[in-house]
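Please read this briefing beside the sequence and the 3D view. It is arranged by topic for quick checking.

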Amino acid sequence: MKVLVAVKRVVDYNVKVRVKSDNTAVDIANVKMSMNPFDEIAIEEAVRLKEKGIATEIIAVSCGVTQCQETLRTAMAIGADRAILVETTVELQPLAVAKLLKAVMDKEQPGLVILGKQAIDDDCNQTGQMLAALADLPQVTCASKIEVVDGKGNITREIDGGSETLNVTLPAVMTADLRLNEPRYVTLPNIMKAKKKPMEVIKAEDLGVDLTPRIKTLKVSEPPKRSAGIKVPDVATLVDKLKNEAKVI
Ligand code: AMP
């Protein structure tokens, strides 16, 4: 079974992002970029499926600028066998990414597609769901455990107040939650090996997909500064402040 994993290049989760002075976007000039953490979990899960003899080939796919090749090399250092970059400089929104991934799926015919549950830059949590709808395949979002038995997936997902296990026929689309696994560290020998693994570059325009953004960003601004907290001597003062200063009760 081929497993296709979508990986996005995002601002590293340790970076404190800054808004551009003209309030049009987050400033990504000279900022450390990395693989979206949920996508690392998605790749790790695919590698574990391969180690169990369930997956036969892992293909990492990224959509975006040339530098996404670095992210794909990391995916291959974790264990993906090959990579596809769908290259474009156009700003991509989840629907456009889902359409591009659908075009790649049509070509590769994977048995399972794994995405992250959300990208930590736009926090959309939409691409996996849109891809499943476009491909008309079963979907399981926020997966915390994956078992594949007799060509079917038993996938446990995180829900409010607990978890549920869904039984899906494959091929299917699933998105990885935090508790699915803990990704392995990338070792130097594997980084070296990844340099030799095949990377295909496809121009997004050649896939005949409409990439037009459907959402227009009007303004990007910093969240309001939080004022420092205070200690109150007793409950009566707390109630008084909540009533008369914060006016929340
Ligand atoms: P989002 O819907 O934007 O929160 O993203 C959810 C998931 O879709 C991510 O964790 C990735 O697996 C995938 N994804 C989103 N954008 C891209 C992209 N440009 N290239 C590859 N995968 C992406």
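This is a predicted model: local features need pLDDT of at least 70, side-chain atom pairs count only at pLDDT 80 or more; totals for chains, interfaces and linings use all residues.

Residues are numbered from 1 along each chain as its sequence is written, and side-chain values use heavy atoms, with hydrogens and water left out.

**Overall make-up**

- The protein has six helices and eleven strands; helices (H or I, at least four residues) and strands (E, at least two) are DSSP runs, numbered from the N terminus.
- Its C-alpha trace spans about 65 × 45 × 40 Å along the principal axes.
- Of the 249 residues in the protein, 40% are buried, where buried means under 20% relative accessible area, exposed over 50%, and partly exposed in between (1.4 Å probe, protein chains only).

**Ligand site**

- The ligand has 18 residues around it, and Asp 39, Ala 119, Asn 125, Gln 126 and Thr 127 come nearest; a residue is counted here if one of its heavy atoms lies within 4 Å of the molecule.
- By class, this shell holds eight nonpolar, seven polar and three charged residues. Ala, Val, Leu, Ile, Met, Phe, Trp, Tyr, Cys and Pro count as nonpolar, Asp, Glu, Lys and Arg as charged, and the others, Gly among them, as polar.
- A nitrogen atom of the ligand is 2.8 Å from a polar backbone atom of Cys 63. A polar contact is a pair of N or O atoms within 3.5 Å; within protein, one must be able to donate a hydrogen and the other to accept it, and residues adjacent in sequence count only if both atoms are side-chain atoms.
- On its own the ligand has 480 Å² of accessible area, and the protein covers 98% of that. Accessible areas come from the Shrake-Rupley method with a 1.4 Å probe; for residues, only the protein chains shown count as cover.
- Two or more residues of the shell come from each of β4 (57-64) and β6 (112-116), and β4 gives the most, with three residues.

**Pocket and cavity**

- The second largest pocket contains about 510 Å³ of space. On a 1 Å grid over the protein atoms alone, a pocket is an open set of points with protein on both sides within 12 Å along at least five of seven lines, whereas a cavity is a set of points where a 1.4 Å probe fits but cannot get out; lining residues have an atom within 4 Å of a point.
- Grid points are joined across faces, edges and corners, and a volume is the space filled by probe spheres set on the points.
- This pocket is lined by 23 residues, with Tyr 13, Ser 34, Met 35, Pro 37 and Glu 40 nearest its centre. Elements giving two or more residues to the lining are β3 (33-35), α1 (37-51) and α2 (68-78).
- The pocket lining divides into eleven nonpolar, five polar and seven charged residues.
- One cavity of 30 Å³ or more is present. The largest cavity is lined by Gln 93, Leu 95, Ala 96, Lys 99, Asp 210, Thr 212, Pro 213 and Arg 214, of which three are nonpolar, two polar and three charged.

**Buried positions**

- Thr 88 sits in the loop between β5 (82-87) and α3 (94-108) and is buried, with a relative accessible area of 5%.
- Thr 141, in strand β7 (residues 139-149), counts as buried because its relative accessibility is 13%. Its side chain makes a polar contact of 2.8 Å with the side chain of Arg 157.
- In α2, the buried residues are Cys 68, Thr 71, Leu 72, Ala 75, Met 76, Ala 77 and Ile 78.

**Backbone geometry**

- Just after α2, Gly 79 takes a positive phi of about 150°.
- The peptide bond from Leu 170 to Pro 171 is cis, with omega near 5°; Pro 171 lies in the loop between β9 (162-169) and β10 (172-176).
- Asn 23, not a glycine, has a positive phi of about 60°. Asn 23 is in the loop between β2 (9-11) and β3 and is partly exposed at 28% relative accessible area.
- Gln 109, in the loop between α3 and β6, has a positive phi near 50° and counts as exposed at 58% relative accessibility.
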